[in-house]
Amino acid sequence: MQLKDKVAFITGSASGIGKEIALLFAQEGAKIVIADLNKAAADATAAELQAQGAQAIGVAVDVTSEDQVDAAVEEAAKAFGGIDILVSNAGIQIVHPVEEFSFADWKKMLAIHLDGAFLTTKACLKHMYAQGRGGSVIYMGSVHSKEASLLKAPYVTAKHGLIGLAKTVAKEGAKHGVRANVICPGFVRTPLVDKQIPEQAKTLGITEEEVIRNVMLKETVDGEFTTVDDVARVALLFAAFPTNALTGQSLVVSHGWFMQ
Ligand code: NAD
């Protein structure tokens with residue numbers, strides 16, 4: 001039980017990577033807040049966790065709305081007596097070449113990935129600092145926090161930006177025992193990626209199989225997708241680490257696609 005009685009606020013956790021992190025953190029004894037745009041799916045995920053004996057609630061939140069984020073974090077802190085871990089994970093993907101990217105889609109991407117990270121961090125830090133028991137802020141970056149790919153200008157820009165935010169929060173949070181780190185996964189088969197495969201095939205004029213083999217997994221050491229479990233294990237490492245020794249870092253989990 002590495003997270004016994006810790007309260008974890010996890011955005012975008014009604015699906016994919018966030019959901020797996022919620023399941024693993026619950027097994028490790030954490031009280032879980034499933035914070036997602038999709039309230040029905042958030043409630044269903046919370047019910048799944050409760051059925052396994054965990055304490056969990058679903059809260060509706062659009063991470064781009066300051067009012068909604070503040071209200072969701074307040075609700076969570078009230079329900080479970082504070083916030084110890086933030087996993088800022090909610091995200092979407094929109095792919096186009098730069099010259100065809102609408103400004104509206106660019107702003108939407110930065111709002112979800114960067115404004116969402118900022119707003120949830122700001123709201124959770126207030127609780128972590130006031131509680132005086134430290135905390136862990138974890139951002140869901142990507143290999144695209146370190147590397148670029150065709151068609152993903154705002155995603156790559158936002159994911160790089162999260163590293164800057166994490167480093168700053170690491171410096172500011174240190175005196176409160178609050179750490180901040182970034183997880184940088186390779187491709188993981190979630191709804192977010194399943195949607196991209198046919199889109200990229202169309203844009204690049206290749207088959208879906210070729211997108212997987214020659215685009216997504218081309219640079220990996222073994223042609224394998226990263227799994228939600230792989231990513232959740234790294235999240236647990238960052239969440240449970242006991243000191244400021246591990247802060248301001250970004251860890252790539254990508255089957256060797258990107259090596260530092
Ligand atoms: P997913 O589509 O399975 O889940 C994303 C969740 O975020 C959904 O439940 C959705 O409802 C929620 N969400 C979307 N917009 C939101 C908003 N404005 N407010 C609150 N919730 C919102 O996707 P996933 O693959 O699990 O992605 C999770 C994170 O992991 C994203 O930040 C993504 O960029 C990152 N990531 C994914 C991969 C991958 O290959 N799947 C790789 C690297 C990084």
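This is a predicted model: local features need pLDDT of at least 70, side-chain atom pairs count only at pLDDT 80 or more; totals for chains, interfaces and linings use all residues.
We start with the overall layout. The protein splits into domain 1, made up of 7–186 + 227–253, and domain 2, which covers 189–225. Taken over C-alpha atoms, the centres of the two domains lie 25 Å apart. At the interface, 12 residues of domain 1 touch 10 residues of domain 2. Together the two domains bury about 800 Å², with 67% of that on carbon and sulfur atoms. On the domain 1 side, Gln-93, Val-95 and Leu-151 account for 47% of the area buried against domain 2, more than any other three residues. As for polar links, there are 2 residue pairs in polar contact between the domains, while the salt bridge count across this interface is 0.

Helix H7 comes next. H7 runs over residues 208–216, and its Val-211, Ile-212 and Met-216 are buried. Looking down the axis of H7, these buried residues fall within an arc of 95°, so they line one face of the helix. What the buried residues of H7 pack against is helix H6 (191–204).

Now to the charged pairs. Side chains of opposite charge can pair up when their charged atoms come close. Across the whole structure, the search turns up 9 salt bridges. One of them joins Glu-48 and Lys-19, at 3.1 Å from N to O. Glu-48 belongs to helix H2 (residues 39–51) and Lys-19 to helix H1 (residues 16–27), so this pair ties together parts 29 residues apart in sequence. Glu-48 is partly exposed at 33% relative accessibility, and Lys-19 is partly exposed too, at 22%.

A salt bridge also forms between Asp-84 and Arg-133, with an N to O distance of 2.6 Å. This pair links distant parts of the chain, 49 residues apart: Asp-84 sits in the loop between helix H3 (66–80) and strand E4 (85–88), and Arg-133 in the loop between helix H4 (103–131) and strand E5 (135–140). Asp-84 is buried, with a relative accessible area of 4%, whereas Arg-133 is partly exposed at 41%.

Asp-194 and Arg-189 make another salt bridge, at 2.7 Å from N to O. Here Asp-194 counts as partly exposed, with 35% relative accessibility, and Arg-189 is partly exposed at 44%.

Notes: Residues are numbered from 1 along each chain as its sequence is written. Side-chain values use heavy atoms; hydrogens and water are left out. Buried means under 20% relative accessible area, exposed over 50%, partly exposed in between (1.4 Å probe, protein chains only). Helices (H or I, at least four residues) and strands (E, at least two) are DSSP runs, numbered from the N terminus. The arc is that of the directions from the helix axis to the C-beta atoms. Contact means heavy atoms within 4.5 Å. Domain bounds come from an automatic or database domain assignment. Buried area is the accessible area (1.4 Å probe) that two parts lose on being put together, summed over both. A salt bridge is a side-chain nitrogen of Lys or Arg within 4 Å of a carboxyl oxygen of Asp or Glu. A polar contact is a pair of N or O atoms within 3.5 Å; within protein, one must be able to donate a hydrogen and the other to accept it, and residues adjacent in sequence count only if both atoms are side-chain atoms.
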